[in-house]
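Please look through the sequence and the model below before reading on. The paragraphs that follow go from the whole chain to its sheet, then to the helices, and end with a few single residues.

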Amino acid sequence: RNFNKMSTELGNVRFMRKDFINNFSHEFKTPISTISLACEAMSDESIQTDADTQKAYIGMIQAENERLQKMVTNILQLAQLKKGQLKINAEELNIHGLLNVIIRNFSLQVNNLGGKFITHFNAEMPIVIGDKSHIESIFINLIENALKYCNQKPVIDISTECHKDMIAVSIADNGIGIAKKNLKHIFDEFYRVTKGNVHDNKGYGLGLNYVKKIAELHDGHVKVKSEVGKGTTFTIYLPIKNNKK
């Protein structure tokens, strides 16, 4: 029985890796194709005289290039995590200040979608010791998911509270939600919710695994609550400075 169980688990891992590679390739093809088409269009003499169109294509190329950079960075960071080689540049961080900057950077995008941010910064001690780049990335990742998996005007509620020696940062959305049977797997490497359910083949299964590992690398953890059709809430717990050893 143990052998059969191991064979089944190994088969599942192989399937997920194959699924990851297929979707990974698809994710890269899309921005590469967009950049290629935009460059071809810009080389067309009839378009070169249209400044507005050129500006639009340049903006498109820049956006897709940034998307490619994020994908590559995510993959490299996870590879470093697995090898124990990810460098953490620890410094004193004010979580409230960090969140305010992130919200400001997303505000135009959210406003254009007719949505809004709601904030409840209740943590009395919002200072942690950690890597600014990585902690910033996990919050950005969760906000991007909140926007990606929402089929109405997005409302993103971000709150903070102190729980003993931890600060809890909750990011709640009004998105499509995650089925109960999938919740226990969403932080697994390569895992993606299959077609016809929550994430419907979007993404390539790296973001939430990265979020979980970065939180744990800072002696913290992450929890999730969700219900299909009623949104999702991710809560990141990080040790506050006064209790960090």
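Of the 245 residues in this chain, 40% count as buried, where buried means under 20% relative accessible area, exposed means over 50%, and partly exposed lies in between, as found with a 1.4 Å probe on protein chains only. The model is a predicted one, in which local features need a pLDDT of at least 70 and side-chain atom pairs count only at pLDDT 80 or more, while totals for chains, interfaces and linings use all residues. Residues are numbered from 1 along each chain as its sequence is written, and side-chain values use heavy atoms, with hydrogens and water left out.

The chain has seven helices and seven strands, which are DSSP runs numbered from the N terminus, a helix being H or I with at least four residues and a strand being E with at least two. Read from the N terminus on, the elements follow the order α-α-α-β-α-β-β-α-β-β-α-α-β-β. Among the contacts in the chain with a separation of 6 or more, 70% come from residues 24 or more positions apart; a contact here means heavy atoms within 4.5 Å.

How are the strands arranged, and in what order do they form an open sheet? Five strands take part, in the order S2-S4-S5-S7-S6, and their pairing is mixed, where two strands pair if DSSP finds at least two bridges between them. Strand S2 (116-121) and strand S6 (221-227) stand at the edges, and because each has a single partner strand, one side of each is left without a neighbour in the sheet. On average, neighbouring strands of this sheet are turned by 15° against each other, with direction ignored.

S2 and S4 are parallel and are paired over six bridges, and Ile 118 stands opposite Asp 157 in S4. S4 is then joined to S5 by seven bridges, and these two strands run antiparallel; here Ser 159 has Ser 170 in S5 as its bridge partner. Strand S5 (residues 166-172) is in turn joined to strand S7 (residues 231-239) by seven bridges, again in the antiparallel sense, and the bridge partner of Ala 168 in S7 is Tyr 237.

Helices pack on this sheet. H5 touches S2, S4, S5 and S7, and its direction makes about 175° with that of S7, angles being taken from 0 to 180 degrees between N-to-C directions of axes, which are lines fitted to C-alpha atoms, for helices over the stretch in contact. H4 lies across S2, strand S4 (155-163), S5 and S7, and runs at about 170° to S2.

The two helices also pack on each other: helix H4 (residues 95-112) and helix H5 (residues 132-148) meet at an angle of about 35°, with their axes 11 Å apart. The residues in this contact include Leu 98, Ile 102 and Phe 106 of H4, together with Ile 135, Phe 139 and Ile 143 of H5. The residues of the contact of H4 with H5 divide into eleven nonpolar, one polar and three charged, where Ala, Val, Leu, Ile, Met, Phe, Trp, Tyr, Cys and Pro count as nonpolar, Asp, Glu, Lys and Arg as charged, and the others, Gly among them, as polar.

H5 has a further helix partner, for H5 and H7 pack at an angle of about 145°, with their axes 10 Å apart. Among the residues that meet are His 134, Ile 138 and Leu 142 in H5 and Leu 208, Val 211 and Ile 214 in H7. The contact of H5 with H7 divides into six nonpolar, five polar and no charged residues. In H7, the buried residues include Leu 208, Val 211 and Ile 214.

Finally, the backbone deserves a look. Most residues other than glycine have a negative phi. In the hairpin of S4 and S5, which has two residues between the strands, Lys 164 takes a positive phi near 55°, and with a relative accessible area of 82% Lys 164 is exposed. Asp 219, in the loop between helix H7 (207-217) and S6, has a positive phi of about 60° although it is not a glycine, and at 52% relative accessibility Asp 219 counts as exposed.
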